[in-house]
Amino acid sequence: MKFIIAFLILFINIYFIKYQTFSYSFIYMQNLVISVAAPKGGVGKTTTAVNIAVGLSNKGKKTLLIDVDPSGYSSSAFGYDEEKIFANVIDLYKQTKNVQEVIHRTQFPNLEIIPFERINYNEEVIFNRLTSDKTVLRSAVQEIKFLYDYIILDCPPFLYGSTVNSLVASDYLIIPVKSSKFSLEAVAKMIGFVEEIKKTENPGLKVDGLLLTMHEFNTKASFHVKKELYRLYPNYLYKTAIPKNSKVAESTFYNKPVILFDDHAKASVAYMNLVDEIIEKHETSHLMNLSGFEHSDFFEEEIGVN
Ligand SMILES: Nc1ncnc2c1ncn2[C@@H]1O[C@H](COP(=O)(O)OP(=O)(O)OP(=O)(O)O)[C@@H](O)[C@H]1O
Ligand SMILES: [Mg+2]
């Protein structure tokens, strides 16, 4: 009898590990580390990091958002002003605090955050010097990775310092792409940079996807960028595109991510779709055809482009 039970347990384990079903992900955490980065300012990195972190936590995923951008915007998106921040990313780099001591709770049980207090120019110079040690962030992330389904890192708009550290510490990368001519150059630069990191510090790093942000579904410029991205990187483009939506800017005045500010706003609905897409991709990947999706399906909504 004991032998039969042991055999059954072994069989079930092998089945779940091989086929990663929902029940497997329900029992075991995903422990995925995802950076949101692009070598371009104002493309929606912070908006994306914050909204997918909230979205994932709403779906019951234990999530940690780490703000590694010295401008500290993702912290302020949660209303984290200076008084509420008792420790931050710099303390980690200075090694005056360990990673457990810099984690802040939020109003959501599944969402925690490591904030970045806004710093002045001199402090930023010091911080950039500290980031030359690429092991600090990676070690910190490794130490707590097992506690979370998803760890999301919001990176600054440059390809050195804490961005490099985040990519070294990550499994995946989301590249937000704002529809403009220069976005394509930024994507090529980012993908080239990922190849460098893969060759040196982090061979396991993968591009999770290119995300169209502030997308205007009815303009030729946006359509052109989308088409070019699809042509150049067919397997990378998320099916979800985030529309340009005034509710996003409005939500920042209330220190709230848009999906909390107005869950019916077009951008909020899109971010929730993106969260579903990410979860589906990582937790039911065996069910999907990872070679991409149907071209006709992808462009269906834009047939009326003007
Ligand atoms: N979908 C959207 N629709 C309209 N405005 C948006 C949208 N996404 C972001 N924005 C606005 O665009 C601006 C830049 O967004 P965000 O701060 O997320 O970019 P970023 O890439 O993190 O910038 P930085 O490089 O400065 O860190 C913000 O004012 C934000 O409110
Ligand atoms: Mg930002």
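Two strands are taken to pair if DSSP finds at least two bridges between them. Helices (H or I, at least four residues) and strands (E, at least two) are themselves DSSP runs, numbered from the N terminus. The structure is a predicted model, in which local features need pLDDT of at least 70 and side-chain atom pairs count only at pLDDT 80 or more, while totals for chains, interfaces and linings use all residues. Residues are numbered from 1 along each chain as its sequence is written, and chains are lettered from A and ligands numbered from 1 in the order in which they are written.

With these conventions in hand, the overall picture comes first. The protein chain holds 14 helices and seven strands. Of its 306 residues, 38% are buried; here a residue is buried if 20 or more other C-beta atoms lie within 10 Å of its own, exposed if 12 or fewer, and partly exposed in between, with C-beta atoms placed from the backbone. Two residues are in contact if their C-beta atoms, again placed from the backbone, lie within 7 Å. Among contacts between residues at least 6 apart in sequence, 77% join residues at least 24 apart.

The seven strands form an open sheet of mixed pairing, in the order 3-4-2-5-1-6-7. Strand 3 (104–105) and strand 7 (206–213) are at the edges with a single partner strand each, so one side of each has no neighbour in the sheet. In general, strands of a sheet pair through backbone hydrogen bonds, either parallel or antiparallel. Strand 3 runs antiparallel to strand 4 (residues 111–114), with two bridges between them, and Arg105 stands opposite Glu112 in strand 4.

Five of its five residues are buried, so strand 1 is largely enclosed by the rest of the structure. Leu32, Ile34 and Val36 point one way from this strand, and Val33 and Ser35 point the other way. Strand 1 is joined in the parallel sense to strand 5 over five bridges, where Leu32 stands opposite Tyr150. Its parallel pairing with strand 6 involves three bridges, and there Ser35 stands opposite Leu173.

Helix 8 (residues 162–169) is likewise largely enclosed by the rest of the structure, because seven of its eight residues are buried. Those buried residues pack against strand 1 (32–36), helix 7 (135–144), strand 5 (150–154), strand 6 (172–178) and helix 9 (181–199). Within helix 9 lies Ala188, which is partly exposed, with 13 other C-beta atoms within 10 Å. Ala188 and Tyr233 are 45 residues apart in sequence and 9.9 Å apart in space, C-alpha to C-alpha.

A nonpolar core is a set of buried Ala, Val, Leu, Ile, Met, Phe, Trp, Tyr and Cys residues joined through C-beta atoms within 7 Å. The largest one has 69 residues, and Ile52, Ala53, Leu65, Ile151, Ile152, Ile175 and Leu211 have the most contacts inside it. Helix 13 (residues 266–283) gives the most to this core, with seven residues. Beyond its neighbours within four places in sequence, Ala53 is in contact with Thr63, Leu65, Leu111 and Ile152.

Finally, ligand 1 is surrounded by 19 residues, the closest being Gly41, Lys45, Thr46, Thr47 and Pro157. Helix 3 (45–58) and helix 11 (246–253) are the elements that give two or more residues to this shell.

Technical notes. A residue is near a molecule or strand if its C-beta atom, placed from the backbone, lies within 6 Å of it.
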